[in-house]
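Biologist: I am new to this structure. Could you walk me through how to read its features?
Modeller: Gladly. Let us look at it together.

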Amino acid sequence: MVILAVLFGQDEVEIKHALRPNMVHLYNEEPMAVDNLGALFTEGLFYGRIRFNSFGHQWKKELNINGIPVRKDHAIMGMGGSLIYRSGYLHGFGVGAGLYVTEALGTLKRKETYLYKAGKGAFSRYDRLKDGDSGIISLAQAYLAYRNGKTEVKLGRQIFESFLTKSNDTKMIPNTFEGLTLQSKELPKTVLKAAYLTRQKLRDHSGFHHLFAYGYQAGEPYSAYSENDDSGMHVGITKEKLDAKGIKDRLVVLEAKNRSISHLTLTANYTAVPELISYAMLQADYEMVWGEWHVIPGVRYMQQFDNGAGAVVGEHAANRKMITAGYKDPASLDSWLLGIRTDVVHDEWKFRFGYTQVADKADLITPWRGFPTGGFTRAMSQYNWYANTKSYMLQTEYDFVDSFEDIRLLGRVVYQDFDDNKPGVQADSTVFTLDVMRGFGGLHNFYAKLRYGHAWVDDHTPIVGAPGRYKADTSYDEVRLEMDYLF
């Protein structure tokens, strides 16, 4: 057995230590080339993980409407793990598979499953409501690979990390995709990625489903959870509507990252669902060094193009929940995002100052677990890419790796200035999060992470056109505890 290095990281190329805020899979041992069919499998490697995750969520105010709960305090824990196998490579060809298991135990009744906010990734809401299942067994990875030099092609079920597609493995099972992907480092100081993806399996689904189709279907009580029910999905782009128009929701991704110019990292990404929507992103990060001080300013620009998705939804396209009062062009999904940040690094300290602004046009629709504001202003559980949203973040990170055994502290404060004139957008909020991540010196395969989040939401934002009514006060406290043993 060898160890799967599960690193808490935002970007694989930036990882220097074993603990970072978001989960990214790396391997500390790679399968080797073999010279016969038998060795293809006998020389393969297994990577195992036993995982425990628990979540507690407390609202400032619980809420019932006409006797139906809308917000209710809850706690849930997930227990399970994964076993990943990667074969050797014969004439460049190899195979891989990953089996994931989770079982959840929570405080809410089966009929209240829809109320889970924290920890909903520990089980499948669709399976729980429909069949009563509180666990998932999923073959989330199963692929054929071909490697030639510094280029690898994969076909099948797999993790694919890019600007808008992420594994986002912070719960029990990562977000994975079906399709054909390519990653190459053949060009000097350049990483190229490409993908044609046909299906997706969100973290809280047991099976693969549509990439860009909400599952609502009249007469089917739980259909909203059957397809892409990610919080970044548009509820008006349904499987029924796409089927009626004969549109196949496939995802095309092209991405390049280049470091040819000293201290400068350039990233370009193009992501598209043909006939529906596309995105173009450019990002530049430049590192300046003064002795032991590193200052890294960065800028990101993303354009969202409506290539037919707005016409599928109709006159209420601009808001992902179809509440378009206050939107300048309710029928269009054209929009853009600007992000600016500066990192200041000195010894064990790292500070980040971030700002993002979304155009006063349409919401950004990105349901593949890659967040447009990620790395700039996004905090735990927050979706701050509604139209005309401005966000400001201060992040502080301290690393005890050299002095006190693999402990990392990460704190964030984010102020989110939403548009008060849009009823379909939440009220302004300030979010504080604190992460404590720990690796244990005597148990090199054991990691733990404690996360706390608190949101203050404005409770006196009037709803335009509804005198005497205010936007919801969704203030909350949340605690998460995760433990991983890798083998």
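Modeller: Keep in mind that this is a predicted model. We start with one residue. F351 has a relative accessible area of 28%, so F351 counts as partly exposed.

Biologist: How do I read such a percentage?

Modeller: Under 20% is buried, over 50% is exposed, and partly exposed lies in between. W349 falls in the middle class too, because its relative accessible area is 38%.

Biologist: What kind of aromatic pair do W349 and F351 form?

Modeller: For a pair, look at the ring centres and the planes. Planes under 30 degrees apart count as stacked. W349 and F351 have centres 5.7 Å apart and planes at 5°, a stacked pair.

Biologist: At what angle are the planes of W349 and Y398?

Modeller: At 55°, so that pair is tilted. The ring centres of W349 and Y398 lie 4.5 Å apart.

Biologist: Which strands hold W349 and Y398?

Modeller: W349 is in strand β20, residues 349–358, and Y398 is in strand β21, residues 390–399. The pair therefore ties together parts that are 49 residues apart in sequence.

Biologist: Which residues form the aromatic cluster here?

Modeller: W349, F351, Y398 and F400 form one cluster. Across the whole structure, a search finds 18 aromatic pairs.

Biologist: What does L276 touch, leaving out residues up to four places away in sequence?

Modeller: Its contacts include F212, L242, I247, F305 and V312.

Biologist: Is L486 buried or exposed?

Modeller: Buried, because its relative accessible area is 0%. L486 sits in strand β25, residues 476–486. Compare sequence with space here: L486 and Y447 are 39 residues apart in sequence, and 8.4 Å apart from C-alpha to C-alpha.

Biologist: And the surface? Which residues form a nonpolar patch there?

Modeller: F93, L144, Y146, L155, L180 and Y196 do, with about 560 Å² of accessible area together. Take L144, in strand β10, residues 135–148. L144 counts as partly exposed because its relative accessibility is 41%.

Notes: Residues numbered from 1 in each chain as written. Predicted model: local features only at pLDDT ≥ 70, side-chain atom pairs only at ≥ 80, totals over all residues. Heavy atoms only, no water. Patch = residues over 30% accessible without salt bridge, like charges linked within 9 Å, V, L, I, M, F, W, Y side chains within 5 Å. Areas by Shrake-Rupley, 256 points an atom, 1.4 Å probe, with all protein chains shown as cover. Salt bridge = Lys/Arg side-chain N within 4 Å of Asp/Glu carboxyl O. Helix = DSSP H or I, 4+ residues; strand = E, 2+ residues; numbered from the N terminus. Buried < 20%, exposed > 50% of the residue type's maximum accessible area, 1.4 Å probe, protein only. Contact = heavy atoms within 4.5 Å. Phe/Tyr/Trp six-rings, centres within 6.5 Å; stacked < 30°, edge-to-face > 60°.
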